[in-house]
2 protein chains.
Amino acid sequence: MTIGLDMMGGDYAPLEAVKGLQLFLLDSDAPATVFLFGDEAVLQPLLQEHAIPADRYTIVHAPQVIGMHEHPTKALKEKQQSSIAVGFYFLAQGKIDAFISAGNTGAMLVGSLYSLKSIEGVLRPTISTIIPKDNGQTGLLLDVGLNADCKPENLNQFAVLGSLYAKHILGIDNPRVGLINIGEEEGKGNILAQAAYPLLKENSRINFVGNVEGRDVLIDKADVMVCEGFTGNIILKLAESIYEITHRKDIHHSYFDRFNFENYGGTPVLGINKPVIIGHGISGARAFQNMLNLAARMVQSDLFAQMQAAFRH
Amino acid sequence: MTIGLDMMGGDYAPLEAVKGLQLFLLDSDAPATVFLFGDEAVLQPLLQEHAIPADRYTIVHAPQVIGMHEHPTKALKEKQQSSIAVGFYFLAQGKIDAFISAGNTGAMLVGSLYSLKSIEGVLRPTISTIIPKDNGQTGLLLDVGLNADCKPENLNQFAVLGSLYAKHILGIDNPRVGLINIGEEEGKGNILAQAAYPLLKENSRINFVGNVEGRDVLIDKADVMVCEGFTGNIILKLAESIYEITHRKDIHHSYFDRFNFENYGGTPVLGINKPVIIGHGISGARAFQNMLNLAARMVQSDLFAQMQAAFRH
């Protein structure tokens with residue numbers, strides 16, 4: 001198994017990426033070689049300094065960097081020697097099995113959508129986030145921003161992708177799917193939610209349990225919660241801000257600690273044919289480690305075969 | 001000034017409504033007579049037991065009650081002797097200056113929209129919620145559920161209504177208006193947000209400061225935050241659940257205490273010609289007291305004249 005890691009992406013790259021790699025190699029028993037995309041002259045001394053075993057990595061020299069605020073499409077086109085562009089090229093060519101970056105999110109999304117193929121039958125790939133439930137369980141919310149406007153069938157597909165991810169990666173058996181909505185009963189909500197409800201209800205591939213209101217998001221009512229990316233992104237960033245506020249106000253509690261999104265490392269792009277993981281710009285060593293673990297789990301799991309089977313008609 | 005109070009609405013009515021009335025009359029120096037809508041035989045002994053001065057209230061006998069789960073339109077039509085129906089009749093007739101209920105929310109909304117007139121020029125009345133900011137300030141979010149699907153001009157009008165409410169009731173000078181959105185720059189977001197942005201930017205009646213992301217909702221970036229009622233309702237109920245979760249987990253902090261929505265009593269319906277305040281079903285004495293205070297403030301303020309002027313063309 002070969003995992004690609006963008007060493008130049010994120011606010012604390014490449015140092016935190018190297019430290020994360022070190023933690024991953026010490027801790028994980030996944031038989032992975034990590035392909036490191038970045039400037040060889042910068043990376044080589046750092047890797048030696050952190051005593052990373054030379055047989056566990058391959059540096060792929062990519063001298064350019066796409067900045068966090070560059071225009072994604074333009075940057076990917078103009079910087080073909082950037083770590084993100086070269087990483088996607090390697091992934092598309094099958095030279096690596098997964099690709100991870102904490103760099104420019106837009107460029108990672110554009111790369112995922114245009115360098116790789118969507119799973120046949122998937123209308124729109126999606127990104128998700130982990131939601132810590134108040135009883136200690138873990139939920140999945142999607143879409144969280146890739147698809148700001150959706151059609152009912154998009155939400156129905158997110159439910160299938162999210163259910164398979166919850167089962168094969170999060171280890172949740174027969175995950176309960178909820179539709180993010182205002183009001184409890186069928187027929188409530190905006191036009192989109194009203195139209196999505198019957199599709200979800202009739203979808204035999206998922207375990208639909210009905211509507212999930214704002215007050216249920218943090219409660220263990222559903223494992224997989226679907227919505228368009230506008231509402232999902234607002235929920236994600238609101239949840240992230242709760243962690244930041246409690247941190248700033250010196251409020252410490254194990255529940256709020258679970259809102260530290262570094263614990264989860266990054267979010268996979270679901271609905272494409274290969275594992276791509278997008279990290280937070282502020283990823284530290286632990287986030288990089290967790291993203292490497294997640295990538296290994298995604299490669300080793302049955303997730304992609306199951307997703308392809310689910311959309312095969 | 002006469003304020004109408006539905007004594008039969010809410011899970012803890014009429015007892016908590018009586019206690020709230022008692023607190024209001026003890027504490028407030030507003031020269032208000034309170035019209036109490038409900039079953040006289042039930043109310044009379046309770047009022048005497050709590051030593052409510054007889055010259056401060058008038059009981060309006062309304063023997064029927066609209067239950068919390070009844071169908072709003074049907075219940076209002078069939079129960080014309082209910083406290084909510086009679087209350088709206090008194091308000092529409094000018095026999096009271098404001099009406100408050102913690103009863104069936106749907107019936108309160110239907111009553112507001114159909115018994116009363118909208119302010120001329122207002123396309124859709126709206127409901128809002130107070131958002132406690134992490135620096136101690138107070139924000140206003142609207143719409144929070146009355147309008148699940150909106151047109152760009154609706155959001156533009158919510159911005160005007162919210163700004164006037166923030167100024168005249170919350171005491172915020174020149175309130176900053178933010179558009180709830182995903183992404184910081186103009187042009188970001190879903191179709192609705194993209195179309196609403198230029199309207200807000202060109203609206204000389206408001207102080208528009210740009211987009212407000214999910215992570216900014218609890219931060220003091222904007223005083224008035226506008227969105228359609230789907231996203232707004234999700235944010236409102238998520239915020240309410242944070243209070244409940246911290247309470248349940250015995251996490252105590254003055255910031256989270258401000259998420260106790262009983263502090264704010266209820267939400268006014270904005271965009272109609274008279275003050276209507278809808279309370280939470282679980283309103284206790286303090287919530288009723290705060291709703292009575294809010295009603296008095298709304299009647300005494302310049303809010304309604306200013307709203308009417310703002311939409312006069």
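This is a predicted model: local features need pLDDT of at least 70, side-chain atom pairs count only at pLDDT 80 or more; totals for chains, interfaces and linings use all residues.
The predictor gives the complex an ipTM of 0.93 and a pTM of 0.94. Chain A averages a pLDDT of 95, and 100% of its residues score at least 70.

**Symmetry**

- Two copies of a chain are related by a rotation about an axis and a shift along it.

**Interface between chains A and B**

- Contacts link 31 residues of chain A with 31 residues of chain B.
- Helix H8 of chain A, residues 229-248, gives the largest share of chain A's side, with 12 residues.
- By class, the side of chain A that touches chain B holds 16 nonpolar, 8 polar and 7 charged residues.

**Helix packing in chain A**

- Two packed helices are described by the angle between their axes and the distance between the axes.
- Helix H6 (residues 152-168) of chain A packs on helix H7 (residues 191-202) of chain A at an angle of about 50 degrees. Their axes are 8 Å apart.
- H6(A) and H7(A) are therefore oblique to each other.
- Their crossing, H6(A) with H7(A), is right-handed.
- From H6(A), the contact draws on A:Pro152, A:Glu153, A:Leu155, A:Asn156 and A:Ala159. From H7(A) come A:Leu192, A:Ala195, A:Ala196, A:Leu199 and A:Leu200.
- The contact of H6(A) with H7(A) has 8 nonpolar, 1 polar and 1 charged residues.

**Backbone features**

- Most residues other than glycine have a negative phi, and most peptide bonds are trans.
- In chain A, a cis peptide bond joins A:Ala13 and A:Pro14, with omega about -5 degrees. A:Pro14 lies in the loop between strand E1 (2-6) and helix H1 (15-27) of chain A.
- In chain B, the peptide bond from B:Ala13 to B:Pro14 is cis, with omega near -5 degrees. B:Pro14 sits in the loop between strand E1 (2-6) and helix H1 (15-27) of chain B.
- A:Ala51 is a residue other than glycine with a positive phi, near 55 degrees. The loop between helix H2 (40-49) and strand E3 (57-61) of chain A holds A:Ala51.

How values were computed. Residues are numbered from 1 along each chain as its sequence is written. Chains are lettered from A and ligands numbered from 1 in the order in which they are written. Two residues are in contact if their C-beta atoms, placed from the backbone, lie within 7 Å. Helices (H or I, at least four residues) and strands (E, at least two) are DSSP runs, numbered from the N terminus. Ala, Val, Leu, Ile, Met, Phe, Trp, Tyr, Cys and Pro count as nonpolar, Asp, Glu, Lys and Arg as charged, and the others, Gly among them, as polar. pLDDT is the predictor's confidence in each residue, from 0 to 100. Axes are lines fitted to C-alpha atoms, for helices over the stretch in contact, and angles run from 0 to 180 degrees between N-to-C directions. Angles under 35 degrees count as roughly parallel, over 145 as roughly antiparallel, 65 to 115 as roughly perpendicular and the rest as oblique. A crossing is left-handed if the near helix is turned anticlockwise from the far one by less than a right angle, and right-handed if clockwise.
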